[in-house]
Amino acid sequence: MELFDAGAAYDAVLEHNYMFHREIYEDVAHLLSHRQEPFTILDLGCGTARYMAQTLRNCTVTAYDGFDLSESALREARNNLAHLNCPVTLHHGDMLGGLTATTHKREVIFSGFAQHHLSWENKAAFFEHAHRVLHDDGMLLLVDAAREPDEDRDTFLDAYYRRIKTEWKALTPEAQDEVCCHMREYDFPETALDIHALAARAGFAGRREVNQFHRHHTWSFTKTP
Ligand SMILES: C[S@@+](CC[C@H](N)C(=O)[O-])C[C@H]1O[C@@H](n2cnc3c(N)ncnc32)[C@H](O)[C@@H]1O
């Protein structure tokens, strides 16, 4: 089950910027604009790619590959990405499976608010394969929610639930509860420290916390410091 499949709740979240997409994707755009050369990009857990599609407007992309479990989100992604002047391939399937099967090197690997769905072991495999697939001068950009250093999963979920209840006013109480139930079942956020440790173990020598909005982080990882 993927709650955000239906799109309505997540669309409202994006519309009202509850997860700071506006600020986060500004940072992503800024980082991508520094790349001198045209680049290929893998977008793991792309969803509708609504924000990524806008972010890539000012970039020279030579190939975009998106992976997602939701067919309906991919249908929307196809429309959102139609302006890209390059091959766009949307894969319906598991992002780790897709990444594991990728043999061509890419300059940019991106994942937004999706990696927390993976188990600890699969997050480790995600970093290992991202390291293998990245060009030597490539960049892994990861956006995700993370637990505070002293938070266990239940404490994180309780705090997130309180925030949804008090701030996500555009969602009905039922929709708020549905989001929370979904999170209790499917979300396994790590701490920022653990994310950095997994990246280091996979061989990423460059590890940077780009920004943090509430519990939402943006990290960049590179092969060289
Ligand atoms: C919260 S949405 C994020 C969408 C978009 N990347 C963003 O930044 O707004 C998470 C997406 O990850 C997808 N997803 C979750 N687990 C996945 C997996 N194992 N493989 C591929 N996609 C997955 C969901 O279908 C959903 O579209």
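**Exercise 1. Find the handedness of the crossing of helix 6 and helix 9, then their packing geometry.**

Step 1. Helix 6 and helix 9 make a right-handed crossing (the near helix is turned clockwise from the far one by less than a right angle). Helices here are DSSP runs of H or I, at least four residues, numbered from the N terminus.

Step 2. Axes are lines fitted to C-alpha atoms over the stretch in contact, with angles from 0 to 180 degrees between N-to-C directions.

The model is predicted: local features need pLDDT of at least 70, side-chain atom pairs count only at pLDDT 80 or more, and totals for chains, interfaces and linings use all residues. Residues are numbered from 1 along each chain as its sequence is written, and side-chain values use heavy atoms, leaving out hydrogens and water.

**Exercise 2. Describe how helix 7 and helix 8 pack.**

Step 1. Take helix 7 (residues 153–167) and helix 8 (residues 173–186). Their axes come within 10 Å and cross at roughly 165°.

Step 2. So helix 7 runs roughly antiparallel to helix 8.

Step 3. The crossing of helix 7 and helix 8 is right-handed.

**Exercise 3. Work out what surrounds the ligand.**

Step 1. The shell holds 18 residues (a heavy atom within 4 Å). Tyr-10, Tyr-25, Asp-68, Asp-94 and Met-95 are the closest.

Step 2. Look for polar contacts (N or O pairs within 3.5 Å). A polar side-chain atom of Tyr-25 sits 2.7 Å from a ligand oxygen. An N or O atom in the Asp-94 side chain is 2.7 Å from a ligand nitrogen.

Notes
Polar contact = N/O pair within 3.5 Å; in protein donor to acceptor, adjacent residues only side chain to side chain. Helix = DSSP H or I, 4+ residues; strand = E, 2+ residues; numbered from the N terminus. Parallel < 35°, antiparallel > 145°, perpendicular 65-115°, else oblique.
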